[in-house]
Amino acid sequence: MLEVKDLYVNYGAVEAIKGISFHVNQGEIVTLIGANGAGKTTTLHTISGLTKAKSGSVTYDGHDLLKTEPSRIITLGIAHVPEGRHIFPQMTVEENLQMGAYTSKNKDRAAAAMKDVYEKFPRLRERRKQMAGTLSGGEQQMLAVGRALMGEPSIILMDEPSMGLSPLLVKEVFAIIKEIHEAGITVLLNEQNAKMALSIADRAYVLETGTISISGNAQELLQDERVKKAYLGQ
């Protein structure tokens with residue numbers, strides 16, 4: 001479904017991504033784990049077209065994403081939940097969700113998508129007329145996910161969805177990711193909380209300073225001594 005091959009990304013003279021290759025099959029949850037600064041966010045930004053690659057290829061369902069504008073990428077069925085949520089604070093919850101469906105020309109489908117989001121996130125329905133900037137951190141994360149779902153994506157890229165949340169809310173967010181996956185949406189997940197990410201993923205790649213150092217079955221990586229020592233605090 002999504003294939004990244006020999007990808008290099010530079011920020012000026014700094015090599016942020018150094019020739020990584022990985023793939024995501026339809027129906028999978030694949031996680032990229034690694035320390036802050038390992039290149040996880042840069043990788044997702046490059047897939048979404050927000051960061052330009054130096055070389056390599058990124059293909060999605062036959063489309064060359066490196067030659068596709070970000071505004072076109074979103075119409076291919078790729079949604080991105082960015083690190084830090086990036087909701088529109090001066091707009092209501094409902095207006096934020098409507099922004100997620102701005103590429104849809106079918107008002108009935110957009111209305112149906114809104115109904116689905118409210119069923120998934122009852123708290124957003126309760127706060128639909130509230131300014132998004134006044135929501136709690138957990139509610140803002142739900143709104144960012146809900147906004148992404150409004151575009152009816154086939155794959156959703158999630159960047160550090162648990163960042164800054166309490167342990168209870170972290171569990172809730174990961175339950176939401178599993179629910180999204182069970183609804184038939186493929187997930188590529190960036191996450192510093194390696195234990196939680198590996199517990200729900202099918203496969204995983206470990207990013208270290210712009211390179212993939214370890215990859216494999218997520219459950220096996222939970223037992224890998226290198227992963228335990230570096231990322232699981234064991």
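Is Glu-139 buried or exposed, and what is its relative accessible area? In this predicted model, in which local features need pLDDT of at least 70, side-chain atom pairs count only at pLDDT 80 or more, and totals for chains, interfaces and linings use all residues, Glu-139 is buried, with a relative accessible area of 8%. Residues are numbered from 1 along each chain as its sequence is written, and side-chain values use heavy atoms, with hydrogens and water left out. The term buried stands for under 20% relative accessible area, exposed for over 50%, and partly exposed for values in between, as computed with a 1.4 Å probe on protein chains only. Helices (H or I, at least four residues) and strands (E, at least two) are DSSP runs that are numbered from the N terminus.

E9 and E10 run antiparallel and are joined by 6 bridges, with Ile-214 in E10 as the bridge partner of Val-206. The hairpin of E9 and E10 has 2 residues between the strands, and Thr-209 takes a positive phi near 40° in this hairpin.

The other open sheet has 4 strands in the order E2-E1-E4-E5, with antiparallel pairing. Its edges are formed by strand E2 (14–24) and strand E5 (63–64), each with a single partner strand, so one side of each is left without a neighbour in the sheet. Strand E1 (residues 2–11) runs antiparallel to E2, and 8 bridges join the two; in E2, Lys-18 is the bridge partner of Tyr-8.

Two packed helices are described by the angle between their axes and the distance between the axes. For helix H3 (residues 93–100) and H6, the axes come within 7 Å and cross at roughly 35°. Val-93, Asn-96, Leu-97 and Gly-100 in H3 meet Leu-143, Gly-146 and Arg-147 in H6.

Side chains of opposite charge can pair when their charged atoms come close. A search of the whole structure finds 9 salt bridges, a salt bridge being a side-chain nitrogen of Lys or Arg within 4 Å of a carboxyl oxygen of Asp or Glu. In one of these, the side chains of Lys-40 and Glu-160 meet at 3.3 Å, N to O. Lys-40 lies in helix H1 and Glu-160 in the loop between strand E7 (155–159) and helix H7 (167–182), so this pair ties together parts that are 120 residues apart in sequence. Both Lys-40 and Glu-160 are buried.

A further salt bridge is formed by Arg-109 and Glu-152, whose closest N and O atoms are 2.9 Å apart. This pair links distant parts of the chain, with Arg-109 in helix H4 (residues 107–120) and Glu-152, 43 residues apart from it, in the loop between helix H6 (137–149) and E7. Arg-109 is partly exposed, at a relative accessible area of 47%, and Glu-152 likewise counts as partly exposed, at 40% relative accessibility.

The side chain of Glu-139 meets that of Arg-127 in a salt bridge (3.0 Å, N to O). Glu-139 lies in helix H6 and Arg-127 in the loop between helix H5 (122–126) and H6, so the pair ties together parts that are 12 residues apart in sequence. Arg-127 is partly exposed, with a relative accessible area of 23%. Salt bridges that share partners join Glu-126, Arg-127 and Glu-139 into one network.

Technical notes: Axes fitted to C-alpha atoms, helices over the stretch in contact; angles between N-to-C directions. Contact = heavy atoms within 4.5 Å. Pairing = 2+ DSSP bridges.
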